[in-house]
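Biologist: Please take a close look at one part of this structure, the aromatic cluster. Which rings take part, and how do they sit?

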Amino acid sequence: KKLRQGDPSPTESEKEKEKKKRLSDEEMKVKNDRQRFEELLEKETASFMGDYDETGYKSLSQLEEETDALAAGIDRLFEGDPAPIKPFHSLISSTNSKPLGEYATNHNILPWLHPTKPNNSDYVLLITDPRAKSSELRELIQQAYATLPSSIKSKIMFISSDGVGDMKKFMKKNKMELEVWKGMYFDENKSFMREYTALGEKRWSMSMFILADGRVQKLVRDLDGVMACKVIVNAVKSLEL
């Protein structure tokens, strides 16, 4: 609107309303990467009492690696980035050995996309491992279901590169409960992990993602199996939804 001479100038709030627009995913990623880089530099310079405090979920070496990746402009997911949805469609469900397809977005697997009761403050926690018959992943599955609180266990999706039959044999041999089996998903061709940049730049290892409100809220690469349950609990504690 063109102002005539003598008209009062628009208020700051009116100017903001005129200019306000939703950032695209690409713009948001650039903004988040810049902000995240600054946060990581601050964390690196802070003093650490060991690698983890009560809500710490990354070791100093993980923080340093993430800072280096941001500085180098490596094309991968970072915290704050949009969570890709389509890769969930190809995951194989443990309950019927079929791809999730639209079920992933039409049911409560991704809480913010629930068709009748979307919940932006709820989350899903992914543990991925691209290694076949990974002893580290299998040990974590047992440890997690033995020690983690039910409120967290109910949110976990373990995503394995094994076939359904291989994992079923392992779970039967170890007398693991049906509750555990329902939390298992399979990505034999690693298409999901590739889209989530969870294969690793240097070596294959476990990764942890916490997704909520359509974004990657927490992300740990090269997840240490020994510390994994503590990392999971601390990451959940640090959520601000």
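Modeller: Here is a walk through the aromatic rings. This is a predicted model: local features need pLDDT of at least 70, side-chain atom pairs count only at pLDDT 80 or more, and totals for chains, interfaces and linings use all residues. Residues are numbered from 1 along each chain as its sequence is written, and side-chain values use heavy atoms, with hydrogens and water left out.

A search of the whole structure finds six aromatic pairs. Rings of Phe, Tyr and Trp (its six-membered ring) pair if their centres lie within 6.5 Å; planes under 30 degrees apart count as stacked, over 60 as edge-to-face and the rest as tilted. Helices (H or I, at least four residues) and strands (E, at least two) are DSSP runs, numbered from the N terminus.

Phe88 is buried, at 0% relative accessibility. Buried means under 20% relative accessible area, exposed over 50%, partly exposed in between (1.4 Å probe, protein chains only). Phe192 is also buried, at 0%.

Next come Tyr196 and Phe209. Their ring centres lie 5.4 Å apart and their planes meet at 90°, so this pair is edge-to-face. Tyr196 is in the loop between α9 and β5 (207-212), while Phe209 is in strand β5, 13 residues apart. Tyr196 is buried at 0%, and Phe209 is buried at 0%.

Ring pairs link Phe88, Phe192, Tyr196 and Phe209 into a cluster.
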